[in-house]
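Here is a short briefing on charge pairing, helix packing and domain layout. Look over the structure, then read the points below.

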Amino acid sequence: GEPLYLDVKSVFYGREWQPLIVGGRCGVGGKDVLPGHIQAIYENLQLVQPKDHFTVGIVDDVTYTSLPLGEDIDTTPAGTKACKFWGLGADGTVGANKNAIKIIGDHTDMYAQAYFAYDSKKSGGLTISHLRFGHQPIKSPYLINKADFIACHNQSYVDKYNLLAGLKKGGSFLLNCSWSGAELSGKLPAALKRYLFENEINFYTLDAVGIAQQLGLGGRINMIMQSAFFKIAGIIPVEEAVGYLKEAVVKTYGHKGEKVVNMNMAAIDKGVEALVQVTVPAAWGEARDEAAATGEVPPYIRNILIPMNRQEGDKLPVSAFLPLEDGTFPLGTSAYEKRGIALNVPCWLADACMQCNKCAYVCPHAAIRPVLLTGEELGRAPQALAAKPAAGQKSLSFVIAVSPYDCTGCGNCAQVCPAKDKALVMKPLNTQLAQSGVWEYVMNLAPKTNPLTPFSVKGSQFEQPLLEFSGACAGCGETPYMKLVTQLFGDRMMVANATGCTSVFVGSPPSVPYAQNHRGHGPAWGNSLFEDNAEYGLGMFLGVKQIREKLALAITAAAALNLDGEFTRACEDWRAHRDAGEGTRARADKLVGLLEVRKGDNPLLNEIYQNRDFLIKRSHWLFGGDGWAYDIGFGGLDHVLASGEDINVLVLDTEVYSNTGGQSSKATPTAAVAKFAAGGKRTKKKDLGLMAMSYGYIYVAQIAMGADPNQTLKAIAEAEAYPGPSLIIAYAPCVSHGLKAGMGCSQWEEKRAVDSGYWTTYRYNPQLTEQGENPFKLDSPAPSMNFRDFLLGEVRYASLQKQFPETAEELFAKTERDARQRLETYRRLAGK
Ligand SMILES: Cc1ncc(C[n+]2csc(CCOP(=O)(O)OP(=O)(O)O)c2C)c(N)n1
Ligand code: SF4
Ligand code: SF4
């Protein structure tokens, strides 16, 4: 029972008079509480034997706690208009709806309510806006389940979601699409057509994307859709609404100049004029879809991932989760999402390619990969596969494969391509769909031994990324580092992840982008809290350490059994190298193979065999952002670093709290504009690396992949191999920085950061001291680019100059001084 239930029960404990006390739960799993649920609770109480410990809002077909739901009831006062909008993250739908609420709230005596639901994908995600307006107070603290108006701002959604669920009979549906009246019948799914007909829906279309492009507004369709909404919904007279919308345009865009204002004014007029009311043909009432071809997919994908991605997860019964009752989720499930969110994707030009693999190295989403094929594999490959002889590999062919449906279209791969005539060209998604078949083909080929060392930029990319197709923003600076770590150590790594972007884009159900290799090995990952990640990871480390120490005792005893020379040598070899990462898989495999034929019913050998997963030297990692490492989790991080244990820390330094919208942290440099630092941050960036170096026994590095891919790789390899604590601080451009060149240039921005002396790369390896060398190596070259030019290439700095020119001058000078002072300190440490 709940605490309140227990309190009430205890009040009556031992009393003669015992009322009937019934308790239950609502809101389980964050579900809405609807009027029908409250009615069900009262109906339960009226029973002779009401169900105690009941639930509402879920279908509990495992422990049978849920109450039966009666008839759906509507308690909203007559005249309340409920409107729902399906939008694409960052397409302006949410902003437009906030504007609509403001217009109605400010200019009428109506009540208004708005709620915005976002999915956890950082780019190309879904937004659903729920708006209610009415002349009576709105007392509906739940999502719209009965709508008068539904708008869909993205035509691809017609096949992805059940858009019209809950639209009232006679309601209105507005679809933004490029389809003509004649094309609609062939494009809309049968269920949607039937709903339109059977429920006498007023159906409107509008080619907002086409209009926006004509007007020079690019993809910004919000104004067009908003005026169309006002025309259809009839909440206020459309002429008035247009007037208010235009006033808002002047307010919002006035500072951007007359041209922008005029474009948006024209967009408002067009939204009203270009609206098309579609007569729903009677034949749509009979529409039937051809049975969709459903490929073989694992039960988790069929039963959970697909319904959740269709926004129908709330309908899943408890029994759907029976295989997951311990809270673990299967790995590699993001590969089934195939979101197709890119506008343009890379097209590989084999002739121009130098086979450097840099494109794959920087891709945040692992959507581009080098593949080696044998002659036989090449022979039966799909026609669309282009290949060239693999450099240095007789009899193998080389292919750069692209997954068009997993690519986010950021363009970093094409940007970093060093070939004289670029070997990657960004082309519209619909021209590259045949590459999807190529991708499926090459991903299912037998794995090949890496012909190079994984510890080189090129060789690392012949290793399978065990972090793929995450929900990160297109061009995110954090993901490429994390992906690289999984390519080097993923089959034996354990990750404790602080809350932040790095946990959200990998850990939001239903999909998991951490994957496993052909042997079923992949990262074990967990997230506890924002503030306790270091302690959480230390716990993982200590647990494994205990088990391995016990295992070492058992193996010592097993070696002493003197069963045979081969077995004894394998035990001794394991003991001698038990904490060495290199060769650990081979040593463990060897011992497991020998145990399998020798263990019989020997208890000691069986104990070792049962713990065989711990024979591998695990690679322990803490992942998190600067908000975690510099600020909120710093105490724990300091404790773990000071502990001397063999734990690796990767700090993805975006210099702000990215996941929550860009609040300043102690990693934010002077002058950067961030939330809580609207006038530019006044104080200097904390030097976390220098603080860690003061211990003298912690491996510390600062890296920037786009500036020096080799140095990044070296630092990660050295940190992992260092038999003590390691701290890597990785510079990570983020959408919150406002790169003027765009997130397709996030790797280039890292280079500019180092070239200008804004960010410094170095490695501090305490082991070098033992060898009589200076442990500190300054890897950054002397600054060769103007510092101010770097700052002005990012809105977080440039906006300060626009808004507060004088302060900007002072703070820009200070932040440059801060950076130069840091560099001087590093130079001194390097003995330069
Ligand atoms: C104690 C606590 N405070 C606040 C939050 C909300 N929160 C979640 S993620 C996050 C920001 C994380 O920023 P950072 O560590 O820099 O990682 P990033 O998102 O930049 O990768 C915050 C404030 C929380 N989860 N827990
Ligand atoms: S465009 Fe971006 S997401 Fe797509 S393959 Fe290139 S780097 Fe990866
Ligand atoms: S760190 Fe920035 S770019 Fe990366 S996912 Fe988070 S918000 Fe997006």
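**Salt bridges, helix packing and domains**

Arginine 310 and glutamate 312 pair through their side chains in a salt bridge, at 3.8 Å from N to O. Arginine 310 is partly exposed, with a relative accessible area of 28%. The model is predicted. Its salt bridges number 36.

**Aspartate 314 with lysine 31**

- A salt bridge joins aspartate 314 to lysine 31, with the closest N and O atoms 3.2 Å apart.
- The pair links distant parts of the chain, 283 residues apart.
- Aspartate 314 sits in the loop between helix 11 (299–309) and strand 10 (344–348).
- Lysine 31 sits in the loop between strand 1 (24–25) and helix 2 (35–45).
- Aspartate 314 has 54% relative accessibility, so this residue counts as exposed.
- Lysine 31 is buried, because its relative accessible area is 18% and the cut-off for buried is under 20%.

**Lysine 666 with aspartate 631**

- Lysine 666 and aspartate 631 form a salt bridge, and their closest N and O atoms are 3.3 Å apart.
- This pair also links distant parts of the chain, at 35 residues apart.
- Lysine 666 lies in the loop between strand 20 (663–664) and helix 25 (688–693).
- Aspartate 631 belongs to helix 23 (residues 626–632).
- Lysine 666 has 41% relative accessibility, so this residue counts as partly exposed.
- Aspartate 631 has 16% relative accessibility, so this residue counts as buried.

**A salt-bridge network**

- Asp653, Glu655, Lys685, Glu794 and Arg796 are joined into one network by salt bridges that share partners.

**Helix 20 against helix 21**

- Helix 20 (residues 565–576) and helix 21 (residues 584–598) have axes that come within 10 Å.
- These axes cross at roughly 145°.
- The crossing of helix 20 past helix 21 is left-handed.
- Helix 20 makes the contact with Glu566, Phe567, Ala570, Cys571, Asp573 and Trp574.
- Helix 21 contributes Arg587, Lys590, Leu591, Leu594, Leu595 and Arg598.
- The contact residues of the two helices comprise 7 nonpolar and 5 charged, with no polar ones.

**Domains**

- The protein chain is divided into domain 1 (3–55), domain 2 (87–286) and domain 3 (535–614).
- Between the C-alpha centres of domain 1 and domain 3 the distance is 53 Å.

Conventions. Residues numbered from 1 in each chain as written. Chains lettered and ligands numbered in written order. Predicted model: local features only at pLDDT ≥ 70, side-chain atom pairs only at ≥ 80, totals over all residues. Heavy atoms only, no water. Axes fitted to C-alpha atoms, helices over the stretch in contact; angles between N-to-C directions. Helix = DSSP H or I, 4+ residues; strand = E, 2+ residues; numbered from the N terminus. Left-handed = near helix turned anticlockwise from the far one by under 90°. Contact = heavy atoms within 4.5 Å. Nonpolar A, V, L, I, M, F, W, Y, C, P; charged D, E, K, R; others polar. Domains from an automatic or database assignment. Salt bridge = Lys/Arg side-chain N within 4 Å of Asp/Glu carboxyl O. Buried < 20%, exposed > 50% of the residue type's maximum accessible area, 1.4 Å probe, protein only.
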